[in-house]
Amino acid sequence: MRVQLYSDYSASFANEWERLIAETTRDSIQQRHAWIESYLRHYLSNRNLRILAVRKGDGELVCCLCLQVACRRFYKVTNYRVFEDLGSGVNDFFEIPCRR
């Protein structure tokens with residue numbers, strides 16, 4: 001297995017994502033391609049998106065975690081970045097899709 005980090009949500013990845021979601025999790029609109037695409041377009045730029053994908057040796061997508069990079073301020077002294085689940089603050093559903 002290998003872990004890959006993506007910083008964009010391409011159409012080819014969207015097809016893999018939809019197959020993974022259909023096979024592994026409860027059916028939730030917040031995990032569908034249309035919702036993710038809309039969220040990225042209206043709330044988040046692709047530059048703040050990070051996708052951790054776990055793949056088998058043959059390249060099959062096994063597990064995936066969509067994250068957003070958020071900026072926080074520490075006591076008016078310095079800024080720092082954190083990873084949050086995609087849709088944090090807007091989305092109340094969080095489940096990591098993984099094949100067994």
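**Sheet, hairpins and salt bridges in a predicted model**

Glutamate 16 and arginine 55 are both buried, where buried means under 20% relative accessible area, exposed over 50%, and partly exposed in between (1.4 Å probe, protein chains only). The model is predicted, so that local features need pLDDT of at least 70 and side-chain atom pairs count only at pLDDT 80 or more, while totals for chains, interfaces and linings use all residues. Residues are numbered from 1 along each chain as its sequence is written, and side-chain values use heavy atoms, with hydrogens and water left out.

The side chains of glutamate 16 and arginine 55 form a salt bridge with an N to O distance of 2.7 Å; a salt bridge is defined as a side-chain nitrogen of Lys or Arg within 4 Å of a carboxyl oxygen of Asp or Glu. This pair connects distant parts of the chain, since glutamate 16 belongs to helix 1 and arginine 55 to strand 2, 39 residues apart. Helices (H or I, at least four residues) and strands (E, at least two) are DSSP runs, numbered from the N terminus.

The sheet is open and consists of four strands in the order 1-2-3-4, with antiparallel pairing. Its edge strands are strand 1 (2–6) and strand 4 (78–85), each of which pairs on one side only. From one strand to the next, the twist averages 25°. Two strands count as paired if DSSP finds at least two bridges between them. Axes are lines fitted to C-alpha atoms, for helices over the stretch in contact, and angles run from 0 to 180 degrees between N-to-C directions.

Strand 1 pairs with strand 2 (residues 49–55) in the antiparallel sense over five bridges. Within these strands, valine 3 stands opposite valine 54 of strand 2. Between strand 2 and strand 3, the antiparallel pairing extends over seven bridges, and isoleucine 51 has cysteine 66 of strand 3 as its bridge partner. Strand 3 and strand 4 also run antiparallel and are joined by eight bridges. Here the bridge partner of arginine 72 is tyrosine 80 in strand 4.

Helix 1 (residues 11–24) lies across strand 1, strand 2 and strand 3, and runs at about 110° to strand 3. Contact in this setting means heavy atoms within 4.5 Å.

Positive phi values occur in both of the hairpins described here. The hairpin of strand 2 and strand 3 has five residues between the strands, and its glycine 59 takes a positive phi near 95°. In the hairpin of strand 3 and strand 4, three residues lie between the strands, and tyrosine 75 takes a positive phi near 45°. Tyrosine 75 is not a glycine, yet has this positive phi of about 45°. Lysine 76, found in the loop between strand 3 and strand 4, likewise has a positive phi, near 55°, in a residue other than glycine. Tyrosine 75 counts as exposed because its relative accessible area is 67%. Lysine 76 is exposed as well, with a relative accessible area of 74%.

Tyrosine 75 also contributes to a nonpolar surface patch of about 490 Å², together with Phe74, Val77 and Tyr80. Patches are made of residues with over 30% relative accessible area and no salt bridge, like charges being joined within 9 Å and nonpolar side chains (Val, Leu, Ile, Met, Phe, Trp, Tyr) within 5 Å. Accessible areas come from the Shrake-Rupley method with a 1.4 Å probe, and for residues only the protein chains shown count as cover. Phenylalanine 74 lies in strand 3 (residues 61–74) and is partly exposed, with a relative accessible area of 43%.

A search of the whole structure gives seven salt bridges. One of them joins arginine 72 to glutamate 84, with the closest N and O atoms 2.0 Å apart. Arginine 72 in strand 3 and glutamate 84 in strand 4 are twelve residues apart, and the pair links distant parts of the chain. Arginine 72 is partly exposed, at 34% relative accessible area, whereas glutamate 84 is buried, at 15%.

Another salt bridge is formed by lysine 56 and glutamate 60, whose closest N and O atoms are 3.3 Å apart. Lysine 56 counts as partly exposed because its relative accessibility is 34%, and glutamate 60 is partly exposed at 31%. Both residues belong to a network of salt bridges that links Glu23, Lys56, Glu60 and Arg99.
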